[in-house]
Amino acid sequence: MFSFVSKRLSLMMMTKVCCFQRNFSSALPPLVPVKLPSKMETHFWYVLPDEVKSESLLSQYSELLSPREKKNLYHMQGDQFKKSALLARVLVRTTIARYQTNCQVNPRSLKFKKTIYGKPEVDWENGDKWCPPPLHFNISHTSSLVACGVTVNVPIGIDVEEKQRRLKNKILAFAKRYFSPDEVKLLTAISDPEIQRQEFIKLWTLKEAYVKAVGRGFSAAPFNTFTIRARVVKMGGFHHFDTQHSEASEIVVESSDDPENLTRNWQFALLDLAGSHYAAICIEKENSAGGEAGVPMRLTVWKTIPFVEDERVSGTGAVVPISGLIKQL
């Protein structure tokens, strides 16, 4: 199915960013607009690639990509990987376009740039009568799930991983290479191999989300230079990250260089998503001077097939909080 789309990628050209281009595709319906996230609210959108089966729809999706995106996609190996990458770019473009209430933006015409550390952001074209929204976004995808997180005014990082992900290396050997000593100690204490594997994936997902939120790249924030911990709210104490207990807990980051200094500027959520994936979200708190402890992250989650259907799944069995203070909307 996807091979047909791949053949068309090298033949398509794109148009320039322009507001009020409502008829960007005569075959695609308009996107349903969404209000900007409120203060300390996170919007999380995801697509399940296996549910996008229409060859015609995938072909239309490819028309939304920039020439460079098409070129990169065209040279990727494997139809499944290409499809996931295509959906990732389309999800970003359509999600951001939903929030342009004062100036309807053509998702095809959005331009992107990267920070000096390689984190993507929208390259807005400022106009005299229009001020771009202070949106922050981040994407993550596997072959079986594609996700995009959105906030206003504060940085965000997300990561998704398959719960059944298998590692080529032994877990503890891999953890000793990338995790902090305290995290390795935690994993070593778990005797059940399956539970150990699950806890490793959860930790990896949280650490990946944190590094992406900070936005300085893996080389500037190696995984073994910080420790993920959880603070049990009702007791006011700290313990090693552990999702095998049911107490409400706030996830925090501890610097390996200064164990007494907890990085309180960041807020986390760890979710069981669609029954098949772990999803981690990390956002910077509005009050970067330290943030207010015990305040839950306001979270709204949508499952989508862009231009076809949007389903709000917050508070359903599709989104199960595992750790972190979370209020689903």
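Val146, Cys148, Val150 and Val152 point one way from strand S5, Ala147, Gly149 and Thr151 point the other way, and all of them are buried (under 20% relative accessible area; exposed is over 50%, and partly exposed lies in between, with a 1.4 Å probe and protein chains only). In a regular strand the side chains alternate between the two faces of the sheet. S5 covers residues 146-152, and seven of its seven residues are buried. This is a predicted model: local features need pLDDT of at least 70, side-chain atom pairs count only at pLDDT 80 or more, and totals for chains, interfaces and linings use all residues. Residues are numbered from 1 along each chain as its sequence is written, and side-chain values use heavy atoms, with hydrogens and water left out.

**Whole chain**
- The protein chain has seven helices and 16 strands (DSSP runs numbered from the N terminus: helices are H or I with at least four residues, strands are E with at least two).
- Of the 329 residues in the protein chain, 54% are buried.
- Take the contacts between residues at least 6 apart in sequence: 68% of them join residues at least 24 apart (contact means heavy atoms within 4.5 Å).

**Who sits beside S5**
- S4 and S5 pair antiparallel over seven bridges (two strands pair if DSSP finds at least two bridges between them).
- His136 has Thr151 in S5 as its bridge partner.
- Four residues make the link in the hairpin that joins S4 to S5.
- S1 also runs antiparallel to S5, with five bridges joining them.
- Val47 has Val146 in S5 as its bridge partner.

**The four-stranded sheet**
- Here the strand order is S6-S12-S11-S15, in an open sheet with antiparallel pairing.
- Strand S6 (156-162) and strand S15 (319-323) are the edges, each pairing on one side only.
- On average, neighbouring strands of this sheet are turned by 25° against each other, direction ignored (axes are lines fitted to C-alpha atoms, for helices over the stretch in contact, and angles run from 0 to 180 degrees between N-to-C directions).
- Helix H7 (residues 193-214) packs on the sheet and touches S6, S11 and strand S12 (277-284); the direction of H7 makes about 155° with that of S6.

**S11 in close-up**
- Both faces of S11 are covered, with Trp266, Phe268, Leu270 and Asp272 buried on one side and Gln267, Ala269, Leu271 and Leu273 buried on the other.
- S11 and S12 pair antiparallel over eight bridges, and Ala269 has Ile281 in S12 as its bridge partner.
- Three residues separate S11 and S12 in their hairpin, and Ala274 in the turn has a positive phi of about 60°.
- With S15, strand S11 (residues 266-273) pairs antiparallel over four bridges.

**Largest pocket**
- The largest pocket holds about 750 Å³ of space.
- Its lining has 25 residues, and the closest to the pocket centre are Ser66, Arg68, Glu69, Asn72 and Arg89.
- For the terms: on a 1 Å grid over the protein atoms alone, a pocket is an open set of points where a 1.4 Å probe fits, with protein on both sides within 12 Å along at least five of seven lines, and lining residues have an atom within 4 Å of a point.
- Helix H3 (67-74), helix H4 (79-98), strand S2 (112-114) and strand S4 (135-141) each give at least two residues to this lining, and H3 gives the largest share, five residues.
- By class, the lining of the largest pocket has 11 nonpolar, six polar and eight charged residues (Ala, Val, Leu, Ile, Met, Phe, Trp, Tyr, Cys and Pro are nonpolar, Asp, Glu, Lys and Arg charged, the others, Gly among them, polar).

**Second largest pocket**
- This pocket holds about 240 Å³ of space.
- Its lining residues include Trp124, His136, Phe137, Pro155 and Val214.
- Strand S3 (120-122) and S4 each supply at least two residues of the lining.
- Seven nonpolar, three polar and two charged residues make up the lining.

**Val32, out in a loop**
- Val32 lies in the loop between helix H1 (2-9) and strand S1 (41-47).
- Val32 counts as exposed because its relative accessibility is 52%.
- Beyond its neighbours within four places in sequence, Val32 is in contact with Arg98 and Asp310.
- Val32 and Glu309 are 277 residues apart along the chain, with 9.3 Å between their C-alpha atoms.

Key. Grid points are joined across faces, edges and corners, and a volume is the space filled by probe spheres set on the points.
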